[in-house]
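The following exercises concern the reading of a protein model. Each task is followed by a solution that goes step by step.

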Amino acid sequence: MKALRAFVGVSLILALPGCTHYLNAPLGGSGPHSSYRFPAMLGQPDPADELFVCLSFSGGGTRAAAFSYGALLALHDTQISSRADVAKSLLDEVDCIAGISGGAFTAAYYGLFGAATFDNFYRDFLARDIEGELALRAANPVNLVRLLSPNFDRIDLAAELYDETVFKHQTFAALAARPRPFIMLHATSMANGGRFRFTQDDFDLLRSDLETFPVARAVAASSAFPFLLSPLTLESFPTPPGFVLPADIRNGLKDREGNWARYAWARARQDFLNIPPNEAQPPTRKWLHLLDGGLSDNLGMRSILDAYDRATGFIGQRINGGQIKRLVVIAVNARTDPPEQLSRQERAPGLGEVFMKTATVSMENLSFDTLDYGVKRVTERDQAQADIRVCNEKLTACGAAPLPGFAREIRTCFIEIDFDSLPSPDREWFLSLPTTFRLPEASLKKLINVARHLLNDSPDYQKLLRALRGEASLGAGVGETGNCS
């Protein structure tokens, strides 16, 4: 009977027409808001920046949420302080977390509730049948009437459930009160496929205030898989008279021939803006429709790389300013790869199979490209530093002037954990887990434990821990090279 009610509820959800609901507030005043941004650089070095750790939690429903939760537990249990009177875990050093879809639940919950995550997240989210709860809510006669309204949609129903039962009615003001780790939740613009982050920097483009926005709605947008949930809609408010494009967007738009990726990034952000055609005409209304963040980056890694690559990014600024001495990026990738059956059947795939492959194959291809790019970008600086150092040693020995090098040398560490590194048959079992918001308790516990095992057994992770525990100061041994040394 329960399964029948769930089926009926989901069928009703899918059968109902889409509609719109706007909840974001316009910015007050004319200047950029100071709400949810990464903490500004201080006038003096900030010890919190010396060891800079970022995590990315991939999409994948409850499977991804449990896997990323296991990674948090492993970091929480990893003590890095060499002093007996100072207890410090590697999790205490985490500065930013990017979350997508299922991983967004874990990232947002930890950002809001900190250490209480380890007491409550399993109960509040992982162990629950979110799909069944959504179906029952949809079948409720009151909600059926609401869903027929032009001001309420399927995404609103999901956001209400998450708001009431998982995130306790918290808004981004609560995240702003806990500035580290900085949580970057992602969704995808239907109009241009661009990544949209729920940070005040991106809300500035909409001339909108993020502070009053419910965290649950951002998580709902990040996990709004096409057709199963409707898009989340935000209003882009008109820019004020005399508005000038931000410098990083202006410069990116000029760089189409020299840096296509930078140009595409700038174009996507320009599209978020609502710039009136001229001051003589009244401004028109404009909206941004958001779907699952995995459609543009299922790893959550791209925003971390943006912050690293761009001189105006919060990581790039701190590297150039000499604040960061060691940069660590840990990617928690809960991707799946179930046994391939399509090539074993003569019958052409049905509509459902075509839809799922269309929606997910491009995600996986983009994820592989993102991982490859991330490894190269985060580790190539080590090689460049080593090459310049060797050249200068030889030039100095010959009495020649040394080459200009980096103003500050940093050490880098890129770590990825996924199911592919497991031995068979465990690998096949984990890769076959479905992308749902309901998993048996036995599967949850296996996911949590395997994440802890994979991170703790990573050679690069152990290399990093030895380096951290063995250093008298971060300035010693700069001549060492290699990922995580």
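**Exercise 1.** In which loop is Pro181 found?

*Solution.* Pro181 is found in the loop between α9 (172-176) and β4 (182-189). Helices (H or I, at least four residues) and strands (E, at least two) are DSSP runs, numbered from the N terminus. The model is a predicted one, in which local features need pLDDT of at least 70 and side-chain atom pairs count only at pLDDT 80 or more, while totals for chains, interfaces and linings use all residues. Residues are numbered from 1 along each chain as its sequence is written, and side-chain values use heavy atoms, with hydrogens and water left out.

**Exercise 2.** State the phi of Ser101 and of Arg207, and decide whether each residue is buried or exposed.

*Solution.* Ser101 is not a glycine, yet its phi is positive, at about 50°. Ser101 is found in helix α4. The relative accessible area of Ser101 is 7%, so Ser101 is buried (buried means under 20% relative accessible area, exposed over 50%, partly exposed in between, with a 1.4 Å probe and protein chains only). Arg207, a residue other than glycine, has a positive phi near 55°. Arg207 lies in the loop between α10 (200-205) and β6 (208-209). Since its relative accessible area is 12%, Arg207 is buried.

**Exercise 3.** Describe the surroundings of Cys96.

*Solution.* First locate the residue: Cys96 is found in strand β3 (residues 94-99). Next consider its accessibility: Cys96 is buried because its relative accessible area is 0%. Then list its contacts (heavy atoms within 4.5 Å). Leaving aside residues up to four places away in sequence, Cys96 touches Val53, Cys54, Leu55, Pro181, Phe182, Met184, Ile304 and Phe314. Finally, the C-alpha atoms of Cys96 and Ala107, which are 11 residues apart along the chain, are separated by 9.4 Å.

**Exercise 4.** Which residues of the largest nonpolar core touch the most other members?

*Solution.* A nonpolar core is a set of buried Ala, Val, Leu, Ile, Met, Phe, Trp, Tyr and Cys residues joined through side-chain atoms within 4.5 Å. The largest such core has 120 residues, of which Phe167, Leu185, Phe198 and Ile315 touch the most other members. Helix α3 (residues 61-77) gives the most to this core, with 10 residues. The contacts of Phe198, not counting residues up to four places away in sequence, include Tyr36, Phe172, Leu185 and Leu290.

**Exercise 5.** Determine how α3 is arranged relative to helix α5 (residues 117-126) and to helix α4 (residues 101-113).

*Solution.* Two packed helices are described by the angle between their axes and the distance between the axes. Axes are lines fitted to C-alpha atoms, for helices over the stretch in contact, and angles run from 0 to 180 degrees between N-to-C directions.

Step 1. The axes of α3 and α5 come within 12 Å and cross at roughly 175°. The two helices are therefore roughly antiparallel to each other (angles under 35 degrees count as roughly parallel, over 145 as roughly antiparallel, 65 to 115 as roughly perpendicular and the rest as oblique). By class, this contact has nine nonpolar, three polar and no charged residues (Ala, Val, Leu, Ile, Met, Phe, Trp, Tyr, Cys and Pro count as nonpolar, Asp, Glu, Lys and Arg as charged, and the others, Gly among them, as polar).

Step 2. α3 and α4 pack at an angle of about 40°, with their axes 6 Å apart. α3 is therefore oblique to α4. The contact is made by Gly61, Ala64, Ala65, Ser68, Tyr69 and Leu72 of α3 together with Gly102, Gly103, Thr106 and Tyr110 of α4. These residues divide into five nonpolar, five polar and no charged.

**Exercise 6.** How many helices and strands does the protein have?

*Solution.* The secondary structure comes to 20 helices and 10 strands. Of the 485 residues in the protein, 49% are buried.
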